[in-house]
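Here are my notes on the model you sent over, as a few numbered points. Please keep the structure open while you read them.

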Amino acid sequence: MVGELNTLKTEAEQSFQDAATKDDVEKLRVGFLGKKGKLTSVLRGMGKLSKEDRPKVGSKANEVRDLLEELVKSNLLRIKEKERAAEFEDRIDVTLPGRRRGYGRTHPLTRTADDILSVLSSLGFTLAEGPEIEHDFYNFEALNMPADHPARDMQDTFYINDDVVLRTHTSPVQIRAMLSLKKAPVRVACFGRVYRNDHDVTHSPMFHQIEGLYVDKQVTFGDLKGTLQVFAERIFRPGTKVRLRPSFFPFTEPSAEVDITCFMCAGEGTLKTGDTCRICKGTGWIEIMGAGMVDPEVFKHSGFDPDEVSGFAFGIGVERVAMLRYGISDIRLFFENDQRFLHQFF
Ligand code: DAH
């Protein structure tokens with residue numbers, strides 16, 4: 001019987017090696033170890049053995065059963081691994097070229113804001129920030145726009161409640177900066193998002209502004225003009241001229257609209273081809289921002305004495321500058337995140 005078991009062992013080793021699928025292994029398992037399997041039927045003959053032979057055959061039988069169980073396990077594993085390898089072979093074509101990684105670019109608005117802020121920083125302005133959800137006091141009241149005053153019509157606002165609005169401009173940061181710094185000189189630039197109930201190809205309900213404020217003893221309108229002159233030449237191009245047109249803002253007196261000579265036609269109004277300049281529509285000038293001397297009322301709300309200090313302020317729209325610089329006619333392009341648009345900028 002020991003001989004029979006040895007033959008069974010050799011046979012099993014061979015058959016398991018030939019098994020190609022899980023089903024093959026299962027069939028072999030039943031064939032050897034099942035109720036009607038070969039090992040079982042050999043063992044059935046054990047009853048006829050003599051007492052002396054029984055332990056010998058019994059231990060051989062156990063050895064063969066262990067081996068068979070081991071063969072089932074190891075061959076299932078072998079087949080599983082082979083199947084996985086085959087799966088990968090189908091999927092991975094190592095000869096394919098790699099996937100190229102796209103490089104990010106700076107968004108044209110970020111680029112424009114960075115340029116403006118770095119010019120202002122070189123002129124001594126430090127960055128100041130304020131909240132986008134703002135109290136009526138900072139956004140309007142302290143800027144000399146009392147409730148029910150018609151000046152509020154200039155900016156149609158999103159109200160959170162009667163007292164809280166999405167800020168309509170960066171000017172409230174002027175008030176916050178003065179209240180926190182408490183004494184002159186104050187020289188800050190504020191960059192951030194602002195919101196208005198407005199939308200068409202040149203206006204978006206959310207856009208960006210940069211605000212400049214300089215408060216000190218004896219700051220003059222000449223200082224304002226000189227600052228704007230340097231600013232315009234650095235942001236647009238050398239030789240750019242600045243023109244101030246009388247205007248009105250509740251928070252400045254006097255107030256001005258700031259125009260620069262057109263960078264497209266160099267202020268000529270016509271191009272070398274003889275065509276009328278598209279950018280300035282033939283006028284030679286482009287309006288780029290609002291500015292003025294800080295109104296005494298604003299100083300009073302901000303803890304400064306208008307008899308002791310004076311100051312100038314200006315506010316510029318980042319989208320507007322970027323549209324001019326890059327010749328973009330639809331403001332929505334900035335916010336759609338279309339790669340074909342964004343990849344044109346470096
Ligand atoms: N806050 C104004 C606006 O959003 C822009 C502005 C004009 C800001 C004149 C100023 C300024 O600081 O002096 O329309």
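1. Leu71 counts as buried, because its relative accessible area is 13% and the cut-off for that label is under 20%. Do keep in mind that this is a predicted model. Leu71 sits in helix H4. Once the neighbours within four places in sequence are set aside, Leu71 is in contact with Ala12, Glu13 and Phe16.

2. How far apart are Leu71 and Gln209, in sequence and in space? Along the sequence they are 138 residues apart, and from C-alpha to C-alpha the separation is 76 Å.

3. Val94 belongs to the loop between helix H4 (53-91) and helix H5 (108-122). Val94 has a relative accessible area of 73%, so it is classed as exposed, the threshold being over 50%.

4. Together with Phe88 and Ile92, Val94 makes up a nonpolar surface patch. The accessible area of Phe88, Ile92 and Val94 together is about 340 Å².

5. Now to the ligand. Which residues come nearest to the ligand? There are 16 residues around it, and His169, Ser171, Arg196, Gln209 and Glu211 are the ones that come nearest.

6. Some polar distances may be handy if you plan to look at the pose. For the side chain of Gln174, the distance from an N or O atom to a ligand oxygen is 3.1 Å. Phe314 takes part through its backbone, where an N or O atom lies 3.4 Å from an oxygen atom of the ligand. As for cover, the ligand on its own has 350 Å² of accessible area, and the protein covers 92% of that.

7. Last, a look at Asp259, in strand E8 (residues 252-261). Is Asp259 buried or exposed? It is buried, because its relative accessible area is 2%, against a limit of under 20%. The side chain of Asp259 is joined to that of Arg245 by a polar contact of 2.7 Å.

Definitions and conventions: Residues numbered from 1 in each chain as written. Predicted model: local features only at pLDDT ≥ 70, side-chain atom pairs only at ≥ 80, totals over all residues. Heavy atoms only, no water. Patch = residues over 30% accessible without salt bridge, like charges linked within 9 Å, V, L, I, M, F, W, Y side chains within 5 Å. Areas by Shrake-Rupley, 256 points an atom, 1.4 Å probe, with all protein chains shown as cover. Salt bridge = Lys/Arg side-chain N within 4 Å of Asp/Glu carboxyl O. Helix = DSSP H or I, 4+ residues; strand = E, 2+ residues; numbered from the N terminus. Buried < 20%, exposed > 50% of the residue type's maximum accessible area, 1.4 Å probe, protein only. Contact = heavy atoms within 4.5 Å. Near = heavy atom within 4 Å. Polar contact = N/O pair within 3.5 Å; in protein donor to acceptor, adjacent residues only side chain to side chain.
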